Amino acid sequence: MNTKSKVTPVFYISLSIAFVFILWGAFFPTNVETVLGYINNFISNTFGWVYMLAMTGFVIFALFLVISPYGKIRLGKQNEKAQYSYFTWFSFLFTAGMGVGLVFYGVTEPLTHYYNPPVLGGGATPQAAEESLQYTLFHWGFHPWAVYAVVGLALAYFNFRHNAPLLMSSALSPLLGNRVNGWMGTSVDVLAVFGTIFGIATSLGLGATQITAGLSYSFDAINNTILTQTIVILIITVAFMISASTGVNKGIRYLSMANVIIAVSLMVFVFIFGSSIQMIEAFMTNTGNYLQNLASMTFNMNSFVGDRGFLNAWTLFYWAWWIGWAAFVGSFIARVSRGRTIREFILGVIGVPVLFSAIWFAIFGVAGIETDNILGGGLYSLMDTQGNEVALFAFLENYPASTIIMGIAVLLIASFFVTSADSGTFVLSMLTTGGALNPPLQVKIIWGVILAGTATVLLWSGGLAALQMAMLIAAFPFTFVVVLLAISLFKALRSEYDIIQLERKQLVYEPNYKEETQKELEEKRVAFEESLPEESVLDDEEK
């Protein structure tokens with residue numbers, strides 16, 4: 001019998017803690033928002049520098065692994081081939097990482113920064129337009145994907161190369177030893193589950209409001225009410241339950257590929273019917289500005305200016321949000337990355353999405369600002385009065401065949417939320433069944449119902465913002481978990497590389513060299529194996 005088909009104590013503990021927050025948010029939404037808002041502001045103002053240093057550290061560590069000799073080590077057996085093709089793999093990364101975010105913020109974030117520049121100066125100027133695109137790419141560039149890469153790589157390395165369970169706690173074995181099997185390991189896994197529950201639940205709730213706003217704006221017959229939003233949640237839930245029942249290789253896989261094709265088609269459509277030359281030039285200028293100012297933006301804490309409004313509301317919010325999402329996205333990326341080398345993994349997880357983000361924001365950012373200027377500030381004014389949800393649809397309204405294009409945009413957003421919820425329930429099921437790569441359908445359905453119920457209850461009570469705040473607060477301790485994951489991974493890679501190098505020397509050098517170093521090699525192997533997590537029992541599908 002495979003014990004991994006059963007839920008672990010992590011399931012009950014994390015669910016109990018989450019349930020307390022959900023009840024609190026359902027019955028006392030104002031109180032929970034006040035309390036958590038105070039804690040969140042305290043963390044941002046007092047420990048914002050921790051986020052800035054940690055995120056910078058993750059970028060540097062990832063780049064180091066690319067150029068280091070460790071980059072040749074494969075996530076699996078050394079001659080193993082990648083489990084998925086490049087296109088399928090990139091589709092998984094795009095969908096799990098931030099696909100729906102790009103669709104929503106492609107217009108709204110550059111336009112918001114255009115009117116409220118990050119650096120002191122007047123808004124709605126050519127300089128503000130340039131700066132708005134630069135900071136938007138900063139928030140969606142190397143930093144978020146670096147934290148995903150560190151978490152995903154640590155999990156994938158220990159799971160595929162050393163048969164450890166796909167759990168945060170297992171990946172910390174080289175540092176914590178057997179303590180990962182006790183309360184310490186359970187606490188780490190509970191924290192990961194906690195952040196994932198709230199991240200997916202808030203996304204479901206907020207996604208429902210955004211889809212409903214889009215439908216309401218595009219089609220007069222549909223009203224933007226909580227009832228309509230609840231119906232949208234139910235439809236998405238049924239869709240991702242069906243997708244979840246088919247597993248990674250069917251449901252999530254085909255939906256992810258469809259999402260990428262539709263998103264790229266939408267981007268090409270806007271490019272063709274927009275100011276194409278300006279978009280190409282904006283891409284080049286913005287990429288140059290981003291790379292040139294990366295260090296100053298990364299370390300800028302506004303210590304001399306004193307105005308932390310932009311820093312707290314945007315940069316620190318994003319850094320906490322990406323770290324909070326890292327447990328979910330990192331776990332899912334790890335699950336689909338078997339057979340890649342470490343160098344290939346990092347270049348794929350960081351390089352490709354950052355390049356795509358740069359192209360995406362150059363096209364939608366330029367087109368959004370241009371449309372707003374033509375409308376005399378009408379697009380930004382609409383965002384101000386009706387919310388950011390309507391920006392994409394108000395923007396697309398100005399293009400040919402607008403009704404069809406807006407309908408496609410709604411379908412794309414809905415599909416992204418289905419795949420996000422599907423992969424989210426998949427990861428939650430993995431984390432609460434001892435790291436099973438193919439968790440039981442019953443557990444996935446339970447998590448799906450819990451997430452949909454949470455989103456619906458908090459939508460009606462007005463407690464969604466509070467739940468989002470809880471995730472941001474959970475991101476602070478999880479920052480230290482990711483730092484420990486990076487140290488643990490480095491320690492294991494260094495030990496394994498030493499063994500590989502010694503084995504190679506024994507093959508190349510004289511026979512007496514092998515005799516002289518055999519004892520040293522055996523000692524290194526024993527020490528390394530003792531530092532690794534316990535091997536997991538594999539399903540037939542996982543072997």
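Helix α10 (residues 226–245) supplies the largest share of a nonpolar surface patch, four residues. Helices here are DSSP runs (H or I, at least four residues), numbered from the N terminus. The patch covers about 510 Å² and is made by Ile226, Leu227, Ile231, Ile235 and Trp460. Patch members have over 30% relative accessible area and no salt bridge; nonpolar side chains (Val, Leu, Ile, Met, Phe, Trp, Tyr) are joined within 5 Å. Areas come from the Shrake-Rupley method with a 1.4 Å probe. Isoleucine 235 counts as exposed because its relative accessibility is 56%. The cut-offs are under 20% for buried and over 50% for exposed, with partly exposed in between (1.4 Å probe, protein chains only).

This is a predicted model: local features need pLDDT of at least 70, side-chain atom pairs count only at pLDDT 80 or more, and totals for chains, interfaces and linings use all residues. Residues are numbered from 1 along each chain as its sequence is written, and side-chain values use heavy atoms, leaving out hydrogens and water.

The largest nonpolar core has 191 residues. Such a core is a set of buried Ala, Val, Leu, Ile, Met, Phe, Trp, Tyr and Cys residues joined through side-chain atoms within 4.5 Å. Tyr148, Val270, Trp322, Phe364, Leu392 and Phe395 touch the most other members. Helix α20 (residues 464–508) gives the most to this core, with 23 residues.

Three of them are listed here.

| Salt bridge | N to O distance |
|---|---|
| Glutamate 496 – arginine 161 | 2.6 Å |
| Arginine 340 – glutamate 344 | 3.1 Å |
| Arginine 525 – glutamate 503 | 2.6 Å |

Arginine 525 lies in helix α21 (residues 511–531) and glutamate 503 in helix α20, so this pair ties together parts 22 residues apart in sequence. Arginine 525 is partly exposed at 30% relative accessibility. Glutamate 503 is partly exposed too, at 29%. By contrast, glutamate 496 and arginine 161 are both buried. Arginine 340 is buried as well, at 3%.

Serine 132 lies in helix α5 (residues 126–140) and has 0% relative accessibility. A polar atom of its side chain lies 2.7 Å from the backbone oxygen of alanine 129. Threonine 112 sits in helix α4 (residues 99–115) and is buried at 15%.

Technical notes. Helices (H or I, at least four residues) and strands (E, at least two) are DSSP runs, numbered from the N terminus. A polar contact is a pair of N or O atoms within 3.5 Å; within protein, one must be able to donate a hydrogen and the other to accept it, and residues adjacent in sequence count only if both atoms are side-chain atoms. Patches are made of residues with over 30% relative accessible area and no salt bridge: like charges are joined within 9 Å, nonpolar side chains (Val, Leu, Ile, Met, Phe, Trp, Tyr) within 5 Å. A salt bridge is a side-chain nitrogen of Lys or Arg within 4 Å of a carboxyl oxygen of Asp or Glu.
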